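Thanks for making the time.

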Amino acid sequence: MAVLLGYCRLITALNRWVATIVSAFVFIMVTVISYEVVSRYFFNAPTTWAMELATLLFGPYFLLAGPYILHTAGHVNVDILYRKLPFKLAGLVDCLTYALIVVVTVIFIDQSLPIALNAYASGETSFTSWNPPVWPVKALIPIAFLLLLMQALAEIIWAVKRIQGQEVKA
């Protein structure tokens, strides 16, 4: 069981690190959009790239922060009934919920990986006037879902420990 708990801590630490790194994207997006607003409204010189760059940064930010948010239970949750469940039963509900997340992530990885590989192989761009490459963003989709899959598996392990009456979280 120590190996499984080590896995849980390692994956959670990795996802915490990734979420911390992509958190900087918010500051970049705010700076880019602010630049666009000033350029457009004060100098009457709108950019062709600012909103597209902000969009290309938001996708990875949203996807790559998600696995750590799963660990911290930061997603939208209706916990009116869940809070009233006994500790072990809540662990069982969590096992079922995280198992569903595992199934969904496997489907997303299966469907997004060929698209990402094709985008990379073709050097896909956005086809706008700025025309940046979009394959890096598409490549991050299966990576983000792989991180989510690994975090969901870690959460299942912790939920099983709760079913056994133990509380061990990283």
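When I give an axis for a helix, I mean a line fitted to its C-alpha atoms over the stretch in contact, and angles run from 0 to 180 degrees between N-to-C directions. Please keep in mind that this is a predicted model.

Let me begin with helix 1 and helix 2. Their axes lie 8 Å apart, and the two helices pack at an angle of about 155°. Since angles over 145 degrees count as roughly antiparallel, helix 1 is roughly antiparallel to helix 2. The crossing of this pair is left-handed. Sorted by class, the contact of helix 1 with helix 2 has 21 nonpolar residues, four polar ones and two charged ones.

Next come helix 3 and helix 4. Here the axes come within 7 Å and cross at roughly 160°. That angle is why helix 3 and helix 4 are also described as roughly antiparallel to each other. Their crossing is left-handed. The contact of helix 3 with helix 4 has 29 nonpolar, three polar and five charged residues.

Now the pairing of helix 1 with helix 4, which covers residues 135-163. These two pack at an angle of about 135°, and their axes are 9 Å apart. How does that angle class the pair? Helix 1 is oblique to helix 4, because an angle has to be over 145 degrees to count as roughly antiparallel. Helix 1 passes helix 4 in a left-handed crossing. On the helix 1 side, the contact residues include L4, L5, Y7, C8, I11 and N15. On the helix 4 side, they include L147, M150, Q151, A154 and W158. The residues of this contact divide into 13 nonpolar, three polar and two charged.

N15 sits in helix 1. Is N15 buried or exposed? It is buried, with a relative accessible area of 0%. Apart from neighbours within four places in sequence, N15 is in contact with P67, Y68, L147 and Q151. For contrast, take T20, which is also placed in helix 1, residues 2-42. T20 counts as exposed because its relative accessibility is 52%, and the cut-off for exposed is over 50%. The C-alpha atoms of T20 and L64 are 9.7 Å apart, although 44 residues separate the two along the chain.

On to the aromatics. A pair of aromatic rings is described by the distance of the centres and the angle of the planes. How many aromatic pairs does the structure hold? There are five. In one of them, Y35 and W49 are stacked, at 5.8 Å centre to centre with 25° between the planes. This pair links distant parts of the chain, 14 residues apart: Y35 is in helix 1, and W49 is in the loop between helix 1 and helix 2, which spans 50-71. Y35 is partly exposed, with a relative accessible area of 48%. W49 is partly exposed as well, at 27%.

Another pair is Y120 with W135. The ring centres are 4.9 Å apart and the planes are at 75°, so this pair is edge-to-face. It too links distant parts of the chain, with Y120 in helix 3, residues 87-122, and W135 in helix 4, 15 residues apart. Y120 is exposed, with a relative accessible area of 53%, while W135 counts as partly exposed at 29% relative accessibility. Finally for the rings, F58, Y61 and F62 are linked by ring pairs into a cluster.

Last, two backbone points in loops. N44 is in the loop between helix 1 and helix 2. Its phi is near 50°, a positive value in a residue other than glycine. N44 is exposed, with a relative accessible area of 67%. F127 lies in the loop between helix 3 and helix 4. The phi of F127 is near 65°, again positive in a residue other than glycine. And what about exposure: is F127 buried or exposed? F127 counts as exposed, at 71% relative accessibility.

That is where I will stop.

Definitions and conventions:
Residues numbered from 1 in each chain as written. Predicted model: local features only at pLDDT ≥ 70, side-chain atom pairs only at ≥ 80, totals over all residues. Heavy atoms only, no water. Helix = DSSP H or I, 4+ residues; strand = E, 2+ residues; numbered from the N terminus. Buried < 20%, exposed > 50% of the residue type's maximum accessible area, 1.4 Å probe, protein only. Contact = heavy atoms within 4.5 Å. Parallel < 35°, antiparallel > 145°, perpendicular 65-115°, else oblique. Left-handed = near helix turned anticlockwise from the far one by under 90°. Nonpolar A, V, L, I, M, F, W, Y, C, P; charged D, E, K, R; others polar. Phe/Tyr/Trp six-rings, centres within 6.5 Å; stacked < 30°, edge-to-face > 60°.
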